[in-house]
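Trainee: I would like to learn how to read a model like this one. Could you take me through some of its features?

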Amino acid sequence: MNKVEEAKEILKELQVPVKQQADLCCFVLLAMADIKEQDEWSDATNSWIRIHDVIAYTKENYGVTYTENSRETFRKQAMHHFRNAAFIEDNGKATNSPNYRYRLTDEMLSLIRSYGTAYWESEKQKFLQSHETLIDLYASKRTMRKMPVRINGENFTFSPGKHNELQKAIIEEFAPRFAPNSECLYVGDTTEKDLVKNVAKLQELGFAITLHDKMPDVVLYSEEKNWLYFIESVTSVGPMEPKRIKEIEEMTAGVTAGKIYVTAFLDFKTFKKFSEMLAWETEVWIADMPDHMIHLNGDKFLGPRK
C-alpha cells in the first residue's frame, strides 16, 4: 500500500465517516504527521502547521495540487471534523489570524506511530476506548479559551483573538457609556460569522440584508433616540474610511433612523496607524480609554448627521 492508502486505512479503522476518508483528508493526516512516501509511520511528528502548509506539502511530496482558495474546503471537510474527533487541536488564535495553526494531538501522534507494528491493534483499541474522554478534554480546552460575553441579556462566547476581544469591549464598555439601553442587532465572531443577527428588526428598520462581509462588525440600535450605531472593530483592517461609509450607506439606503459611524481600536497606537484614513463626521472609540471619544468634526457630538 502507498502512504495515501495507509492513511485511508488508519482513518477507516478509527471509524470516521466515509467523507472524512477522502484523499484530501488523507493528505491532511500525512502533512500533519510529516510523512512522505518513503517514511515510516514511527517517524511521525506533530509540529504546528497552517492549511497553507498542508496544501504546499501535498504538492511537493505527493504531486497533487490544491489551489489556495480550497482552504475553506480543507477547513470544513478535514480540520473541523478532525478537531471535533480529537485527532488534531488548534493553537487558540483567531481563525483569521496569520498565526492560526493546527497539530496532531499527542494521543493521535502516539497512535499513528504504532501503525504497521505489532502494537497497532492494542494501541488502536486503547485510543478508541478513551476517545469520548479525549473529545471532552479537547473540547473543554477550546471552551476555556473562549471569552464569555452578555449580549441583550443573554450569555454568548466569543472565540479567542484580539478582534473579538475588542468586540467584547464594544458591547461591555462602549455601549453602556455611549449607547445606553441600546440593543445589539448584529455582531459577528471570527469563527461563527453571525453570532447575533436580528434579521427581523434590521429589515423592519429598512436594511437590505446582504452578504456578511458587508455588515459592520457591530450594529447597535437605540429605540429611544432612533439611532443606529455602525461600529467597526479594527485591529488590523477595516476602519470607517469614506469607501466603507459609502458601502454601508448603499446597504442602508432604506433606513430612516439616524446613523452614527464609529471606529473602535484597542489602543492609541493602533488608532494612530489608521488616523489618516478615517472619514470626517465619524467617531473614534479607544478601548484603553473607554470614557472618552474622538469626534472627527466639531459641529456635533455623537449624533446622526443629515
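**Reading the model**

Mentor: Start with Lys-201. Setting aside neighbours within four places in sequence, Lys-201 is in contact with Leu-185, Tyr-221 and Glu-223; contact means heavy atoms within 4.5 Å. This is a predicted model, where local features need pLDDT of at least 70, side-chain atom pairs count only at pLDDT 80 or more, and totals for chains, interfaces and linings use all residues. Residues are numbered from 1 along each chain as its sequence is written, and side-chain values use heavy atoms, with hydrogens and water left out.

Trainee: Where does Lys-201 lie, and is Lys-201 buried or exposed?

Mentor: Lys-201 lies in helix α9 (residues 199–204). Helices (H or I, at least four residues) and strands (E, at least two) are DSSP runs, numbered from the N terminus. Lys-201 counts as buried, at 12% relative accessibility. Buried means under 20% relative accessible area, exposed over 50%, partly exposed in between (1.4 Å probe, protein chains only).

Trainee: How should I read a strand?

Mentor: In a regular strand the side chains alternate between the two faces of the sheet. Take strand β7 (residues 218–222): five of its five residues are buried, so β7 is largely enclosed by the rest of the structure. Val-218, Leu-220 and Ser-222 cover one side, Val-219 and Tyr-221 the other, and all are buried.

Trainee: Which strands do bridges join to β7?

Mentor: Strand β5 (residues 183–187) is joined to β7 by four bridges, and the two run antiparallel. Val-187 has Val-218 as its bridge partner in β7, and Tyr-186 stands opposite Val-219. Five bridges join β7 to strand β8 (residues 227–234), also antiparallel. There, Tyr-221 has Leu-228 as its bridge partner. Two strands pair if DSSP finds at least two bridges between them.

Trainee: What is the strand order of the open sheet?

Mentor: The order is β6-β5-β7-β8-β9-β10-β11, seven strands with mixed pairing. At the edges stand β6 (196–197) and β11 (293–295), each with a single partner strand, so one side of each is left without a neighbour in the sheet. Helix α8 (residues 162–178) packs on the sheet and touches β5, β7, β8, β9 (258–265), β10 (283–286) and β11; its direction makes about 150° with that of β8. Helix α10 (residues 242–251) also packs on the sheet, touching β8 and β9, and its direction makes about 140° with that of β9.

Trainee: How do I describe a helix pair?

Mentor: Two packed helices are described by the angle between their axes and the distance between the axes. Helix α5 (residues 106–113) and helix α6 (residues 120–129) pack at about 160°, with axes 9 Å apart. Axes are lines fitted to C-alpha atoms, for helices over the stretch in contact, and angles run from 0 to 180 degrees between N-to-C directions. So α5 is roughly antiparallel to α6; angles under 35 degrees count as roughly parallel, over 145 as roughly antiparallel, 65 to 115 as roughly perpendicular and the rest as oblique.

Trainee: Which residues of α5 and α6 meet?

Mentor: Glu-107, Met-108, Ser-110 and Leu-111 in α5 meet Trp-120, Glu-123, Lys-124 and Phe-127 in α6.

Trainee: What about backbone angles?

Mentor: Most residues other than glycine have a negative phi, and most peptide bonds are trans. Asp-34 has a positive phi, near 55°. Asp-34 is partly exposed, with a relative accessible area of 33%. Ala-86 also has a positive phi, near 65°, but counts as buried at 0% relative accessibility.
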